[in-house]
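Good morning, and thank you for coming. I would ask you to keep the sequence and the structure in view while I speak.

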Amino acid sequence: MLNRRHIRIKVMQTIYAFNGSESSDLKKDEKFLLQSLDSMYDLYLAILSLLIEVQKRAEDHLDKTQKKFLATQEEKNPNSKFVNNSILCALRDNETLKDELENRKLNYWYLDFEYIEIIFKAILESKIYKDYMATKTSSFNEDKAVIVDLFTEIIAPNEKLFDYFEDKKLTWVDDLPIVNTSILKLLKKCKPDAPEAFFTPSLYKDLDDKDFATELYKKTVLNTTVYNDEITNKTKNWDAERIASLDSVLLRMAICEFQKFPSIPVKVTINEYLEIAKEYSTPKSSIFINGVLDKIVKEYKTDGKLNKIGRGLM
């Protein structure tokens, strides 16, 4: 579920939050980093469980409509297309997902059911839902398309839901776009014969990614002084106080990748940190970082200090 950019962002946030230096309590801060990464999975599961609760709410709505004392003929035989939506039913019936939610004790919506009401009402009032419900039958692809559209247009951008997640866990504010994108990709890939664990992918692509997170953090922090000296030598015309703190963190992490991660191509490192700077730092940060890293790479190449293994990594 996570990719290397997400991991780099979490490492950046951890170093920045704890003002990481050689004197830092590495084990404590590393534990925070891993918990922060793991909490993204809690957020992912919480949003999937929201979809399950929306399906249950739709079922309850249908049941109450049918049992109305003066129900019309249409109300007695309502359109159950949304309740029987293939994707929603697959989520509801997924035992692996149920186990994950139980094991992690993620029962947010039991106490905060008003947010299910907010989302359900928004869905009922949407043109997407009304167009979908214009007929009583649908194909798997139509079922999938409507959930993708509802998630994209109603659930993901909902401001009240955003505020709710922010109140629950502050780190989720930055995680939400990443998690929403992951869920959207997953929904689009759904197939009728989806395996049991389809909705519960591994947090890390492999163990190397988890190791990358901890090693990037430790090696950057343990070499703070050395990397700061590198930055100072390349920014002699800059007042140190003018360099944004976050830019300094990103530069140290990039230098760490140049020196300590021989399998990561230089271009990949530079591009990743430029993109992160554009999203998280000042408007001119990416230009500044690019200039500094370009000087460092040229110097490393001249001095034979660029520690890269394999073709195309320089």
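Let me begin with a definition: a salt bridge is a side-chain nitrogen of Lys or Arg within 4 Å of a carboxyl oxygen of Asp or Glu. What we are looking at is a predicted model, in which local features need pLDDT of at least 70 and side-chain atom pairs count only at pLDDT 80 or more, while totals for chains, interfaces and linings use all residues. Residues are numbered from 1 along each chain as its sequence is written, and side-chain values use heavy atoms, with hydrogens and water left out.

First, the chain as a whole. The chain contains 16 helices and zero strands; both are DSSP runs numbered from the N terminus, with at least four residues of H or I for a helix and at least two of E for a strand. Its C-alpha trace spans about 85 × 40 × 35 Å along the principal axes. Of the 314 residues, 48% count as buried. Here, buried means under 20% relative accessible area, exposed means over 50%, and partly exposed lies in between, with a 1.4 Å probe and protein chains only.

I turn now to the salt bridges, of which the rule gives 22. One of them joins the side chains of Asp131 and Lys127, at 2.7 Å from N to O. How far apart are Asp131 and Lys127 in helix α8? They are four residues apart in that helix, residues 127-132, and so are separated by about one helical turn. Lys127 counts as exposed because its relative accessibility is 59%, whereas Asp131, at 46%, is partly exposed.

A second salt bridge pairs Glu117 with Arg57, and their closest N and O atoms are 2.4 Å apart. This pair links distant parts of the chain, with Glu117 in helix α7 (residues 114-125) and Arg57 in helix α2 (residues 26-66), 60 residues apart. Is Arg57 buried or exposed? Arg57 has a relative accessible area of 15% and is therefore buried, while Glu117, at 32%, is partly exposed.

Arg104 and Glu100 also meet through their side chains in a salt bridge, at 3.3 Å from N to O. Both partners are partly exposed: Arg104 has a relative accessible area of 26%, and Glu100 has 24%.

Salt bridges can also be linked together. Arg5, Arg8, Glu257 and Glu272 form such a network. Glu272 lies in helix α15, residues 266-280, and is buried because its relative accessible area is 13%. The side chain of Glu272 makes a polar contact with the side chain of Arg5 at 2.8 Å. A polar contact is a pair of N or O atoms within 3.5 Å; within protein, one must be able to donate a hydrogen and the other to accept it, and residues adjacent in sequence count only if both atoms are side-chain atoms.

Helix α15 also holds Leu274, which is buried at 13% relative accessibility. From C-alpha to C-alpha, Leu274 and Asp247 are 10.0 Å apart in space, and they are 27 residues apart in sequence.

Finally, the surface. Which residues gather in a patch of negative charge? They are Glu159, Asp163, Glu166 and Asp167. For such a patch, residues must have over 30% relative accessible area and no salt bridge, and like charges are joined within 9 Å. Asp167 belongs to helix α10, residues 159-168, and counts as exposed because its relative accessibility is 68%.

Methods: Patch = residues over 30% accessible without salt bridge, like charges linked within 9 Å, V, L, I, M, F, W, Y side chains within 5 Å. Areas by Shrake-Rupley, 256 points an atom, 1.4 Å probe, with all protein chains shown as cover. Lys, Arg positive; Asp, Glu negative; His and termini not counted. Charge placed at Lys NZ, Arg CZ, Asp CG, Glu CD.
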